[in-house]
Amino acid sequence: MRMFIAASLLLWPTLAMASTDMVMLTGPETGTYVRIGKDVAKAVAKDGVTVQVESTGGSVENVNRIAHAEDSTVGIVQSDVLGFLKRSGTAETKATANKIRLLYPLYNEEVHLLARRDIADVQGLNGKRVAVGAEGSGHWLTAMNVMSILGIKPSEIMRLSPPQAAAAVLEGKADAMFFVGGKPVKLFKNMESLSKEPSPAYKQLLGQVHFLALEDPKLMREYKASVISSADYLFSDTRVPTIAVTSVLMVHGSDDKDLSASERRQRCEDVHELGAAIKSSFSDLQSNGHPKWNEVNLSAPMPLWQRDKCVDGKPSMANAENAVGKLESDLLKSLEKNKKK
């Protein structure tokens, strides 16, 4: 009995004094997500919050790891991952979607849909060869999500890397490709050099492709409206409406009832501490971090996403204190019963 009482009473102070030490899941080593993660780690360190930045395969991997309750983990993902999970229809993916919560929105990334000139609109992708990127990548996720929303059924899904996909579209070996990235994207800027080549064959190649409009109202439930024009890429000779996906910081929800009370409390503390540190460092992030920080609005509304309840309000220790009080009361009652025996 003495050992039980000692262990029980020591448990609560240990949890309360735990320091905030988190892992941030980002993306490929050369991508923007890693740079954003390193910016956060550097900025919040002054507030005593330690963030270890880890490069990953991207949004799908990050969501899976967060949803399976890895301790003290935050991840950067594309905002359309939530709609993608809910639309998949399986019980497992829906359960995953219900466990993740928004910390803060970050910046927008435009969806580029490059296609052969003989395809006039997005519905023209039906029965065509469409390159979507490696499975599990952000390009793949958005491509599959957009085509699912619009009911598009290609004849072939081509899992090519972005450079391979662009070359395939230019050469007529693919009919279209999806690419997600904040404009102007280096891949398409590099294509402008074809128009400067002395050989007319290169100019002809570039003249056979264009960006397709993405403006169906059904898409606006999960995406934001944007535009691609000649100001972004010289070979885009018209103003093309498109959509943008928002990169977001997300966590495993501190309200997950499958977790123990102590786990929920610790997650709440971690989420609040990291959120407060990012907010207090925001001006520094905009001044000294990646240029994309200047596009971030931490309070921007996000369709479909539920913000974790611990982000803004400082979690109260009242519940912990009440629990300790109840524990002591229960122990005293148990001792009284033993005395009567």
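Visitor: Leaving aside its neighbours within four places in sequence, which residues is Leu85 in contact with?
Guide: Bear in mind that this is a predicted model. Here Leu85 contacts Val63, Thr93, Lys94, Thr96, Ala97 and Ile100. Leu85 itself belongs to helix H4.

Visitor: Is Leu85 buried or exposed?
Guide: Buried means under 20% relative accessible area. Leu85 has 8%, so it counts as buried.

Visitor: Which residues have the most contacts inside the largest nonpolar core?
Guide: As a general idea, nonpolar side chains in soluble globular proteins tend to be buried together. In this model the largest such core holds 40 residues, and Ile100, Leu125, Phe178 and Trp305 have the most contacts inside it. Among the elements giving two or more residues to this core are helix H3, helix H4 and strand S4. H6 contributes the most, with 7 residues. Another core, of 30 residues, lies apart from this one and includes Tyr33 and Val271.

Visitor: What does Phe178 touch, not counting residues up to four places away in sequence?
Guide: Its partners include Val111, Leu125, His139 and Met147.

Visitor: How far apart are the end C-alpha atoms of helix H10?
Guide: They are 29 Å apart; at 1.5 Å a residue, its 20 residues should span 28 Å, so the two values agree. Buried residues in H10 include Arg265, Val271 and Leu274.

Methods
Residues are numbered from 1 along each chain as its sequence is written. This is a predicted model: local features need pLDDT of at least 70, side-chain atom pairs count only at pLDDT 80 or more; totals for chains, interfaces and linings use all residues. Side-chain values use heavy atoms; hydrogens and water are left out. A nonpolar core is a set of buried Ala, Val, Leu, Ile, Met, Phe, Trp, Tyr and Cys residues joined through side-chain atoms within 4.5 Å. Buried means under 20% relative accessible area, exposed over 50%, partly exposed in between (1.4 Å probe, protein chains only). Helices (H or I, at least four residues) and strands (E, at least two) are DSSP runs, numbered from the N terminus. Contact means heavy atoms within 4.5 Å. The expected span of a helix is 1.5 Å times one less than its number of residues.
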